[in-house]
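The structure is shown first.

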Amino acid sequence: MEGASEEKPASVSNLVTVFENSRSLGAAPRAHGLESEHHRLECRPPSPAEPGEEPDMGEALGSGPRTVSRRYLSSLKNKLSSGAWRKSCQPETSPGPGMQEPEEKRIVQELLETEKAYVARLHLLDQVFFQELLKEARSGKAFPEDVVRLIFSNISSIYQFHSQFFLPELQRRLDDWSATPRIGDVIQKLAPFLKMYSEYVKNFERAAELLATWTDKSAPFQEVITRIQSSEASGSLTLQHHMLEPVQRIPRYELLLKEYVQKLPAQAPDRADAQKALDMIFSAAQHSNAAITEMERLQDLWEVYQRLGLEDDIVDPSNALLREGPVLKISFRRSDPMERYLFLFNNMLLYCVPRVIQVGAQFQVRTRIDVAGMKVREVTNAEFPHSFLVSGKQRTLELQARSQEEMISWMQACQAAIHQIEKRNETFKAAAQGPEGDTQERELQSEELGLRAPQWIRDKMVTMCMRCQEPFNALTRRRHHCRACGYVVCARCSDYRAELKYDGNRPNRVCFDCYTFLTGNVLPEDKEDKKRGILVLVGDKWGKAGPRGWCVIPQDDPLVLYVYAAPQDMRAHTSIPLLGYQVTSGPQADPRVFQLQQSGQLYTFKAETEELRGRWVKAMERAASGGVPQGPNNGDLSD
């Protein structure tokens with residue numbers, strides 16, 4: 001295996017050294033010589049600064065909050081995602097005396113040696129820095145314990161895993177290499193635990209900020225750190241430098257294991273296990289990479305919320321900022337457009353006004369428009385070019401961009417957000433309804449109505465009629481199934497009959513929608529007759545003239561008369577239990593009128609013809625005596 005090139009890429013150690021010097025922690029980092037002292041046997045990922053490029057000093061030395069450069073984290077994430085650095089970076093090994101060792105064993109030896117050095121660094125972080133700071137916090141009360149725990153995150157768990165499990169397993173396997181020349185199974189068993197690094201990586205930037213803040217704020221805090229950094233165990237390196245070790249460790253595992261797989265003979269017994277272990281290490285690396293991405297997203301989101309004044313109805317860590325920028329608002333009252341600012345999130349568009357006095361918040365939110373239901377389109381306006389219209393439930397805005405490209409970019413961003421919301425809602429609807437309630441699918445298959453038996457929707461899946469949306473109850477509105485579509489409907493909505501081919505063209509109970517589709521009739525003939533011969537209530541129960549009503553005796557409820565305010569109403573405003581009432585003739589002046597009376601209550605009805613009056617009287621007399629119709633075609637009007 002070839003040695004590493006003498007000309008190494010700029011190390012992240014240089015960036016860390018600049019960061020340390022800016023904080024004057026009392027240590028004297030040795031910029032040159034770090035590479036030889038720190039992990040001599042490890043291959044490093046490249047630093048954020050490419051060869052020949054100066055590191056970003058502004059972030060380290062600026063006047064703002066002093067943090068570890070976010071540019072470093074972003075660059076590290078991109079490097080790990082691309083994997084390009086792995087091709088040029090090869091681990092250094094030196095052949096031992098005597099017989100030449102197999103290449104794969106030398107790589108395992110290198111993995112073991114670097115693991116020993118790494119565990120020593122973890123011991124320094126957890127058992128020295130962490131414990132000494134905790135001890136000082138408990139005794140001196142100069143700084144809180146919670147700050148120390150936040151800085152070191154879950155470093156204790158990481159240290160215990162590597163010192164008690166990972167390193168001993170590697171050591172045992174290498175000691176028994178002649179009998180068991182393989183490490184793939186060991187790494188497979190332990191690789192899932194490497195996902196604990198995500199929590200450490202996600203907390204890294206916050207930890208660096210707390211470290212810088214309390215180093216400046218608390219003299220005892222700085223004194224403990226300076227004392228440990230000056231010790232031989234620290235190697236004259238700063239705490240920040242040691243804290244970077246876990247961030248870089250998983251990519252080094254991937255590098256060495258990839259080299260191990262490449263050097264294995266084609267028929268080696270460990271080849272399949274080693275390849276699977278490599279995949280698991282790669283998954284752990286991606287997990288840490290996702291943690292860096294999530295950390296950056298939350299940081300950016302928090303900065304946006306601070307600019308907006310941290311309003312309670314806006315702050316939500318689950319949001320994602322899609323786009324922001326200035327626009328012009330076209331006013332119907334003013335001739336010149338007004339400067340405004342937009343923040344587009346995944347679920348809302350914030351229409352903001354810049355504050356004149358920017359103390360704290362920079363913008364005031366004027367309108368929040370939900371992306372759900374929002375529409376956007378281009379507006380042709382010769383006076384205001386590059387205009388577009390945003391229409392939502394809360395407000396409609398006519399906006400002007402500074403260029404055609406900017407207008408297109410805003411419209412595309414809005415359309416993408418709208419599409420994502422619609423896609424999510426469709427998914428939720430499908431999950432909630434399931435295969436039995438998929439309305440869209442049923443409507444698409446409407447041409448099959450009557451040709452094959454439908455899948456019936458279960459009664460307990462609905463609480464109201466799926467056609468008129470009236471709630472079901474156990475007495476007056478019971479559940480029925482349409483034999484054509486399978487919907488659960490009430491008696492009134494399913495009081496139609498149509499021939500169904502799958503049932504030998506026999507008439508079956510269907511809902512009104514399916515009846516219309518199957519027969520082509522707006523109303524069945526018997527319904528048209530009943531509509532022409534409808535009974536009208538012309539007097540209330542006290543015998544006084546009142547609003548007219550239209551009456552129905554349902555077939556499934558033949559002892560109750562329902563009175564509607566209009567012929568097309570879906571809900572009755574009055575129901576009259578007919579049992580016990582007396583049916584009497586009305587005034588002699590109009591033979592089409594008759595009356596219902598009981599205990600001083602009197603209702604007056606008027607039919608369109610005398611023949612219809614006779615049929616209504618017959619139906620009511622039967623209902624008043626407790627009788628029910630024996631069939632649908634018995635010649636009366638009991639619907």
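## A pair of strands and its sheet

Strand β1 (residues 321-329) pairs with strand β2 (residues 338-345) in the antiparallel sense, over 8 bridges. Within this pairing, V327 stands opposite R340 in β2. Two strands pair here if DSSP finds at least two bridges between them; helices (H or I, at least four residues) and strands (E, at least two) are DSSP runs, numbered from the N terminus.

## Basis of the model and confidence

This is a predicted model, in which local features need pLDDT of at least 70 and side-chain atom pairs count only at pLDDT 80 or more, whereas totals for chains, interfaces and linings use all residues. Residues are numbered from 1 along each chain as its sequence is written, and side-chain values use heavy atoms, with hydrogens and water left out.

The protein chain has a mean pLDDT (the predictor's confidence in each residue, from 0 to 100) of 75, and 70% of its residues reach 70 or more. The pLDDT is below 50 over residues 1-68, a stretch with 137 contacts in the model beyond near neighbours in sequence. Residues 632-639 also have pLDDT below 50, with 24 contacts beyond near neighbours in sequence. Contact means heavy atoms within 4.5 Å. Where pLDDT is low, the predicted coordinates should not be read in detail.

## Overall composition

The protein chain contains 19 helices and 18 strands. Of its 639 residues, 45% are buried; buried means under 20% relative accessible area, exposed over 50%, and partly exposed in between (1.4 Å probe, protein chains only). Among contacts between residues at least 6 apart in sequence, 58% join residues at least 24 apart.

V376 lies in strand β5 and is buried, with a relative accessible area of 10%. Leaving aside neighbours within four places in sequence, V376 is in contact with F388, L389, V390, M411, C414, Q415 and I418. The C-alpha atoms of V376 and G392 are 8.8 Å apart in space, while the two residues are 16 apart in sequence.

H386 is placed in the loop between β5 and β6 (387-391). Although H386 is not a glycine, its phi is positive, at about 60 degrees. H386 is partly exposed, with a relative accessible area of 26%.

N505, in the loop between β10 (496-500) and β11 (506-510), is a residue other than glycine with a positive phi near 60 degrees. Its relative accessibility of 41% makes N505 partly exposed.

Strand β16 (residues 582-585) pairs with strand β17 (residues 593-598) in the antiparallel sense over 4 bridges, and Q582 has Q597 in β17 as its bridge partner. β17 also pairs with strand β18 (residues 601-606), in the antiparallel sense and over 6 bridges; here the bridge partner of Q595 is T604 in β18. The hairpin of β17 and β18 has 2 residues between the strands, and S599 takes a positive phi near 50 degrees in this hairpin.

## Helix packing

Two packed helices are described by the angle between their axes and the distance between the axes. Axes are lines fitted to C-alpha atoms, for helices over the stretch in contact, and angles run from 0 to 180 degrees between N-to-C directions. Helix α6 (residues 103-140) and helix α13 (residues 245-263) have axes that come within 9 Å and cross at roughly 170 degrees. The two helices are therefore roughly antiparallel (angles under 35 degrees count as roughly parallel, over 145 as roughly antiparallel, 65 to 115 as roughly perpendicular and the rest as oblique). Among the residues making this contact are I107, L111 and Y118 of α6 and Y253, L256 and Y260 of α13. The contact residues comprise 10 nonpolar, 1 polar and 9 charged; Ala, Val, Leu, Ile, Met, Phe, Trp, Tyr, Cys and Pro count as nonpolar, Asp, Glu, Lys and Arg as charged, and the others, Gly among them, as polar.

Helix α10 (residues 197-217) packs against helix α11 (residues 219-229) at an angle of about 110 degrees, with the axes 6 Å apart. This makes α10 roughly perpendicular to α11. L211, W214, T215 and K217 of α10 meet A219, F221, Q222 and I225 of α11 in the contact, which divides into 5 nonpolar, 2 polar and 1 charged residues.
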